[in-house]
Amino acid sequence: LDDFDLEEINADYLPIAIDPGRKSVFTAVTGSDLRKVKRCSIKEYYHLTGSTKYSAKLQRLKDQHNITDIESRIPSNKTSSLAQYQAYTEYIFNNLDALFNFYGHHTSRDRFFLYQGRQRAPESLINMLLHGTSKYNRRKRNKKKKKK
C-alpha cells in the first residue's frame, strides 16, 4: 500500500467499495470521491429480473381461473393430526385437475423468461456499477436508441 499514491490510483484504477444491505442489493462508492454513491434497491432488482410483471400477470390469471380461491382454501399440511392431514390430502386430490391445468405446460415460456431475467440481472448490476446507467448518467436519460 505504500507503493501507491492518490494520483496514481485516480489515474490508473477505479476503486469500488461495495456494501450489501437488507433493503438494497448493494450500496457502492466508486472512485475516491465519496459523493459518487450508487445503490440498487430490491425493487429495482426485481424489475430487472422481470418478476414484478410476471407475478402481476400470474395473479391476474389466477383470479380469472379461480385458482386464488382454491389455493387460499388449502388446509395446512404441517400437522401431526391424522384427521387434518387427511383433510389436506382430500382437498388436494379434489382440486388436482384444476391446479395441473393451470400450472401446465403453457406457463413454461413465462418461467423461462423469468429464468433469463434472473441470469441477466447480475450483469446489469455490474454494468450499473462500472459504466453507470440512465439512473446515474444524465446524458443517457430519456434517450432511446434510434432504429436504422
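Me: How does aspartate 69 count, as buried, exposed or partly exposed?
Reply: Aspartate 69 counts as partly exposed, at 38% relative accessibility. Buried is under 20% relative accessible area, exposed is over 50%, and partly exposed is in between (1.4 Å probe, protein chains only). This is a predicted model, where local features need pLDDT of at least 70 and side-chain atom pairs count only at pLDDT 80 or more, while totals for chains, interfaces and linings use all residues. Residues are numbered from 1 along each chain as its sequence is written, and side-chain values use heavy atoms, leaving out hydrogens and water.

Me: OK, and which residue does aspartate 69 meet in a salt bridge?
Reply: Arginine 73, at 2.8 Å from N to O. A salt bridge here is a side-chain nitrogen of Lys or Arg within 4 Å of a carboxyl oxygen of Asp or Glu. Arginine 73 is exposed, at 55% relative accessible area.

Me: How many salt bridges in total?
Reply: Three by that rule. One of them joins glutamate 71 and lysine 62, with the closest N and O atoms 3.0 Å apart. Glutamate 71 is partly exposed at 28%, while lysine 62 is buried at 13%.

Me: And what does lysine 57 pair with?
Reply: Aspartate 110, with 3.1 Å between the closest N and O atoms. That pair links distant parts of the chain, since lysine 57 is in helix α3 and aspartate 110 is in helix α6, 53 residues apart. Helices are DSSP runs of H or I, at least four residues, and strands are E runs of at least two, numbered from the N terminus.

Me: Switching to α6, where does it bend?
Reply: At arginine 120, by about 30°, and proline 122 follows within four residues. The bend is the angle between axes fitted to the seven residues ending there and the seven starting there.

Me: Which α6 residues are buried?
Reply: Leu114, Gly117, Ala121, Leu125, Met128 and Leu129. Their cover includes β1, β2, β3, α2 and α3.

Me: What does leucine 114 touch, leaving aside its neighbours within four places in sequence?
Reply: Thr49, Gly50, Ser51 and Tyr54 are in contact with leucine 114, contact being heavy atoms within 4.5 Å.

Me: Which residues make up the largest nonpolar core?
Reply: Eight of them: Tyr54, Leu58, Ile67, Ile70, Tyr91, Leu99, Phe102 and Leu114. A core is a set of buried Ala, Val, Leu, Ile, Met, Phe, Trp, Tyr and Cys residues joined through side-chain atoms within 4.5 Å. α5 gives the most to this core, three residues.

Me: What's in the second core?
Reply: It is separate and has six residues, including Phe26, Cys40, Leu125 and Met128.
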